[in-house]
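Student: I am new to this structure and would like to learn how to read its features one by one. Could we begin with charged side chains that pair up?

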Amino acid sequence: MRVPLSWLSEFVDLPDSLDELIAVMDDLGLVVEGVERVGEGLESVVVARVEEIHVIEGADRIRRVVVEAGAGPVEIVCGATNFSVGDFVPLAPVGAVLPGGFEIARRTMRGVVSNGMLCSGRELGLSEDHGGLLLLDPSSTPGELLTSSLALAPDVVLDISIEGNRPDAWSLLGVARDLAARFARSLRMPAVATPQGEGETRQSAQVSIEAPDLCGRFTLSLIRGVRVGPSPEHLARRLTLAGMRPISNVVDASNLVMLELGQPTHAYDADRVGARTLRARVARPGEVLTTLDGVSRALAQPGRGLGDSGEDLVIVDGDDVIHGLAGIMGGALGEIRDSTTEILLEAAFFDPMTIARASKRHGLRSEASHRFERGVDPELALFAAARFVQLLEESVPGLEWVPGPLDVLGELPERSRVSLSDHDIERALGVSLERATVVRLLEGLNFTVREEGGLDVIAPSARLDVRVGSAGRADVIEEIERLYSSTRMPRRTPSWPQPGGWTVAQTLRRRAREVFCALGGHEVWTPTMVSETHAALTHPTSPRIRVANPLAVEESILRPSMIPGLLQVFARNAERGLGDELFGEFGVVFTHPEEAEKTRRARGGAGGTIEVELPEETERFTLLLARPGDDARRAVVTARTLLARLGLDDLDVESIGEAPSGWHPSRYARVLDTRSGVELGRVGEVDPELVRGASPDSRRLGLVDLDVARIVEAARIRERDSRVRVPNRFPAALMDLALVTPNEVGADQLRRVLLRASSLVESVTLFDVYRGDSLAETERSLAYAIRLTSTERTLSDADVADARRALLEAAASLGATLRSTS
């Protein structure tokens, strides 16, 4: 927002030092991003009267102009054509330096000597108009300094960046209020008009609200005796400095009020409004509005944004003809024209989210929508109308503002009210402030403060950003800190009874990455949003979770699995001869609420509390093994190695249940935590159909998919229950058992049975799997290395024999028998 200091100083006394002012504004959160000095470089520019205009032979774009500048005729070569003999124009003589450092020199063009330059408004830094010369008042005096003729004084314009959560600061009055509170100076309100004339507005005009939840206030003023024309020079210049183009006195007055107070207004030609009645209602499907920019816009069209049902609030007249898109832009039908003599002035409060969604949906941003979507002061409408009339009267003396302007209420937001104690402030800021200082600062921002033991604080109507409850308490304390200034508070080094460190989850993620890299892996990143084709590869029949406003329409689905993304990475690398690698990714996958446990979260807002059904998010660590020889067995080894380094070496791998889509139907298993039985992940191979789609060669691709949250929880339990293991001082006995086992009996299932067979069994490790002609197709040989030990004595031959017998009996319970050596 551009803020001319000459304008700002009408509301509050500013410090003499510009650097001090900028530092204070930065400290208040009104960050100054640019400083522009205007009105400088015009010291040598004078007023000149056009005496003669001649055509230059052979030139069709320039003319010879003779002007009188108080010291005799001056010959100038000029390309502008918007002036005639007798007009008064600015002359920059030879040697003058215009804004921007442009020095005027004597030049010869087509044999004619030009002794200076006649200037446009843009060349003088006074406006953006470069279509011709700046035409001055006919009462001007030749030779008079331009700065004296136009009553110009050098000015400074600050370009301020204001955060979206400060709707009150989107005006000069809001900026001045902050400065007045900081400097403890009085805030001057602008002069306003009062209604006058015969009759009342309700006798000649009507207003109503049909959507009270979208339009909280609608005021309507009837103004007679209007004469449309240019604004006074000082008001037009003020608009120009603020970055807006002067249009007419009526439009300019509306824009000046918006910039001054932050309240947009809209003026309608009263004779073009049916029955002189305005209503706020919701647009109906199929309705079309041609806005002031000449674009026809279809209304009530559902948007792509989250929660955007396409609800447009429109302003219609008594004949139900649409005159504007509320809070954004008016229609061409009721536009102010040169013939307008009576106007209906709208000043209203609209629901911020309705304006924000409509503005985005129609791709139509305006200064008005910018303020309405952040929230204007609901109590400011009639004051803004009074200020509008006051400004318009400067160009139209004798204006009649009909008494009794109409004011209709809908649903207005409630002002936030919080209780605050001195301890609350000291605990939050770390410094004790005097009660009187706190009250002064808050009252400077129009907060209502009552001292009843503590402080009962009511936010002003302009501060829609102040919340209720404990959140509102934090907002109020933030305002105190902002005005008091954090630079005045003592510096303290925070101390904690316990130094910080990584959480278990952070530690495990880092360690997992280290182990993964040590195994030769490459961590990759794949998009969270995927196409319908990719989602169907692993979840062909599951409902999709679609993003309402994706960056790319073809990638609008939150991924249910990371397998397609990793396959795509493999395919792209394989095309370049780099596919024989181990790829892995940490990421989040999403499960539709219809398939997952439904999560309900309460979200507070102006419309009350609503329940939102959210998808389930799960963090996974997925590995794709694409090196030669990588298969399901290698995937099991990789998963065991990785989890063992994370402190989870007591695992079971079970081939139970049907393989999910995307996995090899017969080479799939679940990884279980032996202690809790919780599934930590899955291992196996990629479905051969998916492999053929990613690579021309029919290789096997190993796959590991781990649930990070469950691994973290299992590791946390291990850490909590960890015990120091004292080395056994007695020697161990080792034996190998090769057991012929039915195919349906898992290797880990048999290992668990053997571990429980005898108290002397310390460990059981599978070291060989054999299938051959000597065995039936329904069975295989599993060879285990078994370690026996006792903490009380050295094992005897009888102890080992008893343990061996117990091991064979336990194996027999699953149908496993000792393999014959013959």
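Tutor: A salt bridge is a side-chain nitrogen of Lys or Arg within 4 Å of a carboxyl oxygen of Asp or Glu. In this structure E479 forms a salt bridge with R482, and the closest N and O atoms are 2.6 Å apart. Please keep in mind that this is a predicted model, in which local features need pLDDT of at least 70 and side-chain atom pairs count only at pLDDT 80 or more, while totals for chains, interfaces and linings use all residues. Residues are numbered from 1 along each chain as its sequence is written, and side-chain values use heavy atoms, with hydrogens and water left out.

Student: Where do E479 and R482 lie relative to each other?

Tutor: Helices (H or I, at least four residues) and strands (E, at least two) are DSSP runs, numbered from the N terminus. E479 and R482 are 3 residues apart in helix α12 (residues 469-484), so about one helical turn separates them.

Student: Is E479 buried or exposed?

Tutor: Buried means under 20% relative accessible area, exposed over 50%, and partly exposed in between (1.4 Å probe, protein chains only). E479 has 5% relative accessibility and therefore counts as buried, and R482, at 9%, counts as buried too.

Student: Which residues are linked with E479 and R482 in a network of salt bridges?

Tutor: The network also contains R166, D168, D178, R463 and D465.

Student: What does the salt bridge between R509 and E619 tie together?

Tutor: The closest N and O atoms of R509 and E619 are 2.9 Å apart. R509 lies in helix α13 (residues 504-518) and E619 in strand β34 (residues 616-625), so the pair ties together parts that are 110 residues apart in sequence. R509 is partly exposed at 25% relative accessibility, and E619 is partly exposed at 23%.

Student: How much space lies in the second largest pocket?

Tutor: On a 1 Å grid over the protein atoms alone, a pocket is an open set of points where a 1.4 Å probe fits, with protein on both sides within 12 Å along at least five of seven lines, and lining residues have an atom within 4 Å of a point. Grid points are joined across faces, edges and corners, and a volume is the space filled by probe spheres set on the points. For the second largest pocket this space is about 1300 Å³. Its lining has 39 residues, and the closest to its centre are V636, V653, A747, D748 and L766.

Student: Why does the second largest pocket lie between two domains?

Tutor: Domain bounds come from an automatic or database domain assignment. Domain 5 (504-719) and domain 6 (733-818) both give residues to the lining, so the pocket lies between them.
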